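Morning, everyone. Please have a look at the next slide.

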Amino acid sequence: MALGSAWKQMSWLYYQYLLFVMSFAVSISNAFFLNCNSDSMLVSIVGMALYTGYVFMPQHIMAILHYFEIVQ
């Protein structure tokens with residue numbers, strides 16, 4: 001009984017989280033992209049992709065090398 005109640009509570013909190021995150025993401029994207037022309041959108045998307053690759057790709061590459069035991 002307690003497990004079912006805890007599961008319902010966690011489900012409810014998860015749905016609230018999803019609702020908040022999705023509404024926040026939509027409002028941010030509308031505020032950002034409504035005032036941009038296509039060139040600035042392209043530059044911002046390429047810039048975000050380059051920054052993300054610069055920050056996260058070394059970690060992923062090292063994890064792959066450790067997985068295949070190329071680097072100890």
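I will go from the whole chain down to single residues.

Some ground rules. This is a predicted model, where local features need pLDDT of at least 70, side-chain atom pairs count only at pLDDT 80 or more, and totals for chains, interfaces and linings use all residues. Residues are numbered from 1 along each chain as its sequence is written, and side-chain values use heavy atoms, with hydrogens and water left out.

The overall picture. The protein has two helices and zero strands. Both terms refer to DSSP runs, numbered from the N terminus: H or I for helices, at least four residues, and E for strands, at least two. How much of the protein is buried? Buried residues make up 1% of the 72 residues. Buried means under 20% relative accessible area, exposed means over 50%, and partly exposed is in between, with a 1.4 Å probe and protein chains only. The protein exposes about 6800 Å², and carbon and sulfur atoms supply 75% of that. Areas come from the Shrake-Rupley method with a 1.4 Å probe; for residues, only the protein chains shown count as cover.

Now the record. An unreviewed UniProt entry places "transmembrane region" at residues 12-34 and 40-57. Such annotations may be inferred rather than shown by experiment; the positions follow the numbering used here, and feature names are shortened. In the model, residues 40-57 are 100% helix and 0% strand, with the end C-alpha atoms 25 Å apart.

Next, the aromatic rings. Rings of Phe, Tyr and Trp (its six-membered ring) pair if their centres lie within 6.5 Å; planes under 30 degrees apart are stacked, over 60 edge-to-face, and the rest tilted. That rule gives two aromatic pairs. Why is the pair of Tyr-14 and Tyr-15 called tilted? Because the ring planes of Tyr-14 and Tyr-15 meet at 50°, with the centres 6.0 Å apart. Tyr-67 and Phe-68 pair edge-to-face, at 5.1 Å centre to centre and 80° between the planes. Tyr-67 is exposed, at 66% relative accessible area. Phe-68 is exposed too, at 55%.

Ile-64 sits in helix H2, residues 38-67.
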